[in-house]
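Me: Here is a structure I would like to go through. Please keep to what can be read from the coordinates.

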Amino acid sequence: MASDAAQVKAAREDIRELLRTTHSHPILVRLGWHDAGTYDKNIEEWPQRGGANGSLRFDVELKHGANAGLINALKLIQPIKDKYPSITYADLFQLASATAIEEAGGPKIPMKYGRVDVTGPEQCPPEGKLPDAGPSSPADHLREVFYRMGLNDKEIVALSGAHTLGRSRPERSGWGKPETKYTKNGPGAPGGQSWTVEWLRFDNSYFKDIKEKRDQDLLVLPTDAALFEDPKFKVYAEKYAEDQDAFFRDYAEAHAKLSELGAKFQPPQGFSLDD
């Protein structure tokens with residue numbers, strides 16, 4: 001069964017409150033992304049094709065290397081799932097991710113709901129479907145992973161801009177400094193290295209900061225640098241560094257598309273929350 005609209009709406013309020021009290025915007029965005037980002041457009045059957053189907057709630061998938069630390073996101077959100085049993089995990093993960101973007105000052109995402117959940121851990125996708133931060137040829141790697149999901153160059157660059165939120169923690173990913181002047185006092189658990197100075201605010205500073213490379217305390221991964229090195233990516237990265245409205249427009253569209261990847265909806269067209 002899929003979700004009840006009234007419960008999805010009520011849960012959104014609880015997620016807003018959770019964000020206000022825990023500053024967990026980045027990890028909730030990552031939770032939604034990593035559930036959806038396993039999608040393979042070359043596989044037709046659900047749920048073998050991966051995508052936004054709630055499979056990330058199972059230990060076998062949480063233990064994938066790319067998902068290190070996401071058990072913390074699941075723990076934050078599980079009480080909301082318990083309170084609203086008529087919401088699928090697949091919807092809850094995407095609701096949390098989109099709400100986190102909006103509450104951090106990002107664009108309103110044109111979301112729809114009604115995703116059906118997988119039922120057991122045997123339906124989890126194999127490991128290795130998510131992007132890696134330091135592959136030998138970063139631009140090729142991004143294209144290989146995102147093209148497999150059915151996303152294009154513009155969407156790759158726009159979605160990369162979500163790194164304006166959050167921190168990389170070396171104990172989880174192997175990337176970043178243990179702490180910087182921007183992260184040593186939190187909010188939330190201190191430490192890690194952020195891509196931007198105000199790493200709980202969604203804006204276009206990710207693109208500006210990579211372009212200017214002026215602050216050693218800010219993180220630039222090989223896959224971030226590739227956005228300004230690859231000639232096709234660079235067109236979009238330059239545009240987003242200059243024009244935050246254009247970034248917000250393209251980001252909102254790409255985020256909504258990502259959130260629907262591989263999902264099976266009931267009703268088939270899904271439903272939106274009329275606000």
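Me: Is Arg 214 buried or exposed?
Reply: This is a predicted model, in which local features need pLDDT of at least 70, side-chain atom pairs count only at pLDDT 80 or more, and totals for chains, interfaces and linings use all residues. Residues are numbered from 1 along each chain as its sequence is written, and side-chain values use heavy atoms, with hydrogens and water left out. Buried means under 20% relative accessible area, exposed over 50%, and partly exposed in between (1.4 Å probe, protein chains only). Arg 214 has 59% relative accessibility, so the residue counts as exposed.

Me: Which residue forms a salt bridge with Arg 214?
Reply: A salt bridge is a side-chain nitrogen of Lys or Arg within 4 Å of a carboxyl oxygen of Asp or Glu. For Arg 214 the closest N and O atoms of the pair are 2.2 Å apart. The partner has a relative accessible area of 45% and is therefore partly exposed; the partner is Glu 212.

Me: How many salt bridges does a search of the whole structure find?
Reply: One of them joins the side chains of Glu 103 and Arg 16 (3.1 Å, N to O). That pair links distant parts of the chain, 87 residues apart, with Glu 103 in helix α5 (residues 89–103) and Arg 16 in helix α1 (residues 5–22); helices are DSSP runs (H or I, at least four residues), numbered from the N terminus. Lys 177, Lys 181, Asp 215 and Asp 217 are linked in a salt-bridge network. The search of the whole structure finds 22.

Me: Why is helix α7 largely enclosed by the rest of the structure?
Reply: The buried residues of α7 pack against α2 (25–36), α6 (138–148), α9 (205–212), α10 (222–229), α11 (231–242) and α12 (244–260), where contact means heavy atoms within 4.5 Å. Among the buried residues are Ile 156, Val 157 and Leu 159. The helix (residues 153–160) is largely enclosed because the buried residues number 7 of the 8.

Me: At what angle do the axes of α10 and α11 cross?
Reply: Axes are lines fitted to C-alpha atoms, for helices over the stretch in contact, and angles run from 0 to 180 degrees between N-to-C directions. The axes of α10 and α11 come within 5 Å. By class, their contact has 6 nonpolar, no polar and 3 charged residues. The axes cross at roughly 90 degrees.

How values were computed
Helix = DSSP H or I, 4+ residues; strand = E, 2+ residues; numbered from the N terminus. Nonpolar A, V, L, I, M, F, W, Y, C, P; charged D, E, K, R; others polar.
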